[in-house]
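Thanks for coming, everyone. I'll take you through one model this morning, piece by piece. Have a look at the slide first.

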Amino acid sequence: MNKTLQYLIWLLVAVVGASAVGGIALHRGESINALWFVAAAVCVFAIAYRFYAAWIAARVLMVDASRATPAERLDNGRDYVPTNKWVVFGHHFAAIAGPGPLVGPTLAAQFGYLPGTLWILVGAVLGGAVQDMVTLFLSTRRNGRSLGQMAREELGPIGGFAALVGTFTIMVILIAVLGLVVVNAMKHSPWATSTVAATIPIAMIVGIYMRLIRPGRVLEASVLGVALLLLSVFGGGYIDHHPYLGSLFNHDGLTLAWWVIAYGFAAAILPVWLLLAPRDYLSTFMKLGTIFLLAVAIILLQPEVKMPALTQFIDGSGPIFGGALFPFVFITIACGAVSGFHALIASGTTPKLIANESDIRMIGYGAMLLESFVAIMAMIAATVLDPGVFFAINSPAGLVGKEAADAVAVISSWGFPVTVEQMETLARQMGESTLFARTGGAPSLAVGMASIFGSAFGEHLLALWYHFAIMFEAIFILTTLDAGTRVGRFMLQDMLGNFWPRIGQTSWYPSVLLTSAIVVAGWGYFLYIGVIDPNGGVNILWPLFGISNQMLAAIALSVGTGILIKSGKLKYAWVTGLPLGWLVVVTTTAAWEKITSTDVRVGFIAAANDMSAKLAAGVLPPEKAAVAPQLIFNQQLDAVLTLFFVAVLWIVIVDMLRVSYRSLSGKPVRPSVESAYIQTKLDTAWVRD
Amino acid sequence: MWQACQQAVDRAWRFLRQVSGDDAYERYLSLYAANQERHGHQEPPLTREEFFKAWQQQKWDGVKRCC
């Protein structure tokens, strides 16, 4: 194609993108069309991918299409397999995109649509996608080594240990908060509970089919599973209306939390083929299908975003979580902008499939942009709701009051009018008894999705769409819960194996039971506290998760920056150094505020002290006084954890700076473990089909 | 026109099978045959059941799902 035309097309994309971003940022009216968000994201991501990512690949990383990848050199037909780039893209995207980009933007919408949207766009382009691509590249050049191994070999044992401990703790917090999200969606909802419960036997049926009846027939089994899942959404409606069956699935949060904990333990000790692997197929198909459907519905329907660009809660007084716009929007939206967890997938698993280094840009950078696009859609689904409704669903009862009349009065007084009748009608349409105080983001996202789907594909099906959305979220939250518990177990077995070799044998059953129980007890504790906390728990756990995830991102970016400097590319070190610097500022500030703030809704210590004082003075109502000692201990524990995260972060940074300084001043450093150049012999046409 | 459509559907189907792992065993067999010429394996290839077992077990060894 001729150059002038290309030039004109990119100019057009730039102009449309700039107008869309400008429109979103400067618009101050009643509402704004969601299509502007889609246009802004598509244009910004297209330009970033075409120019910035291409520049990084060519100049900074110097990807070399003639170099044989580990998949080619070490091809064993099992984990090292040269694979078609679209297939790798699919696997990589399915692995990195979990519930995180759906929940984070929904919670951050309390600041208005603008801060979260801008952070998703900028954070992904300059931070998250860069981290994923650089880590993927570095691991590909090192035979698919994991982040922890790279940190140890390139920086030193401190970095490696930090990555290991960081991964373990982040996993525990992540599972707890996701468990809480599911519990809040199922609380006193027989429909949601029975549908989510049905996903377990359905996964088992699919697992047995794939293993014993028709081994390896993945597609047949998945079609069967998806059909059964849709049936379970219908069936849930029947159970909901049935007086006896309904009562079997009608539980309070605490009972459900115990069930989730018991389930997590069972899932961790069952063989993977029975539950985890088959459910993962179902969740991947559901995820891709639903996201595609949501994109189509948003484009067809072009809903109006009713949330203002900014709300008064940017000052830190927000009901969903306490804390001001800076730094908390950057902590709340981790997945979707920059997520350290991705570095674990981008090192270790994906690099072993890459057939050619020239695929790295599309897989590393491209897949992250797609995940950010999912985050933008979650932001749209949350902000198309009336702001009053959004806050009524997401504000904890401890803050706005248990009674519907109190809650609507408080929320309306913030300037977001909502009535009891409005909420009752909405709950009835969605097939729920109430939607008040359903914190955690999943229910409000489901209401948003249901209203978008409902207007695009049929209004009378709202309740079905709502429970479909809940099932869709729950199915991959449970997958993350299983997979995470299992990974935590392996890591723990590995660590304890240093002291007691027998326990390090991953297949020794007593060891499996013991380590699984420890991991489940770890996240189960935070889940339990989250459920008994009248303020909803999410407001504590989600920032903790954000801080730990950003800490892991900072470790990954430190490894990247350190290696760039060591390999003589100081002038390009800002590519990873810039997002690293920003994450350090954000994470440290957030951690500092979470520990030292005197605002009881932000500071852990302040909250613990405040509650102790109230408990001593006897001013707490009896039900709060009963759980107060546990909540006080938990706030103190959270403060210690936060301190630990930020300490690990700074240790890694200082270690990276030390290695960089030594390298720049010509002192000896650990040699690069990059594998030597071997020319590729792979006929790429064969891989690419 | 009709042929082009058919080809497109064919390609999409092959892609779906590959991305989902539905054709993993066929791929393994063809790789085994290709390597046979070079290395001369002693053992016969795994059966479908054995292969699928090993494939699934190894797929879930390590951090495979994210947030």
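**Loops, helices and a contact**

Start with A:Gln302, which sits in the loop between helix H13 (276-301) and strand S2 (304-305) of chain A. Helices here are DSSP runs of H or I with at least four residues, strands are runs of E with at least two, and both are numbered from the N terminus. A:Gln302 is not a glycine, yet its phi is positive, about 45°. Most residues other than glycine have a negative phi, and most peptide bonds are trans. A:Gln302 is exposed, with 12 other C-beta atoms within 10 Å. The cut-offs: 20 or more other C-beta atoms within 10 Å of a residue's own is buried, 12 or fewer is exposed, in between is partly exposed, and C-beta atoms are placed from the backbone.

Some housekeeping. This is a predicted model, where local features need pLDDT of at least 70, side-chain atom pairs count only at pLDDT 80 or more, and totals for chains, interfaces and linings use all residues. Residues are numbered from 1 along each chain as its sequence is written, while chains are lettered from A and ligands numbered from 1 in the order in which they are written.

Now chain A as a whole. It has 28 helices and 2 strands. Its radius of gyration is 25 Å, close to the 26 Å that the globule rule gives for 689 residues, so chain A is as compact as a globular protein of that length. That radius is taken over C-alpha atoms, and the rule is 2.2 Å times the number of residues to the power 0.38. The C-alpha trace spans about 70 × 65 × 60 Å along its principal axes. Of the 689 residues, 57% count as buried.

What about contacts? Two residues are in contact if their C-beta atoms, placed from the backbone, lie within 7 Å. Take the chain A contacts between residues at least 6 apart in sequence: 81% of them join residues at least 24 apart.

Next, the core. A nonpolar core is a set of buried Ala, Val, Leu, Ile, Met, Phe, Trp, Tyr and Cys residues joined through C-beta atoms within 7 Å. The largest has 240 residues, and A:Val177 and A:Leu541 have the most contacts inside it. Helix H22 (residues 462-497) of chain A gives the largest share of this core, 20 residues. Beyond four places in sequence, A:Leu541 touches several residues, including A:Ile173, A:Val177 and A:Phe526.

Helix H8 (residues 157-186) of chain A has 30 residues and reaches 44 Å from first C-alpha to last, close to the 44 Å expected. The expected span is 1.5 Å times one less than the number of residues. Of those 30 residues, 23 are buried, so H8(A) is largely enclosed by the rest of the structure. After H8(A) comes A:His188, with a positive phi near 50°. A:His188 is in the loop between H8 and H9 of chain A. It is partly exposed, with 16 other C-beta atoms within 10 Å.

The other is helix H24 (residues 538-566) of chain A. Its 29 residues should span 42 Å, and its end C-alpha atoms are 41 Å apart, which agrees. How many of its 29 residues are buried? The count is 29 of the 29, so H24(A) is largely enclosed by the rest of the structure.

On to H9. A:Ser194 is found in helix H9 (residues 190-213) of chain A. It is buried, with 25 other C-beta atoms within 10 Å. A:Phe249 is 55 residues away along the chain, but the two C-alpha atoms are separated by 6.1 Å.

One cis bond to flag. The peptide bond from A:Phe326 to A:Pro327 is cis, with omega near 0°. A:Pro327 lies in helix H14 (residues 325-332) of chain A.

Last, the two chains together. The contact takes 26 residues from chain B and 36 residues from chain A. On the chain B side, H1(B) gives the largest share, 7 residues.

And confidence? pLDDT is the predictor's confidence in each residue, from 0 to 100. Chain B has a mean of 83, and 93% of its residues reach 70 or more. For the complex, the predictor gives an ipTM of 0.88 and a pTM of 0.94.
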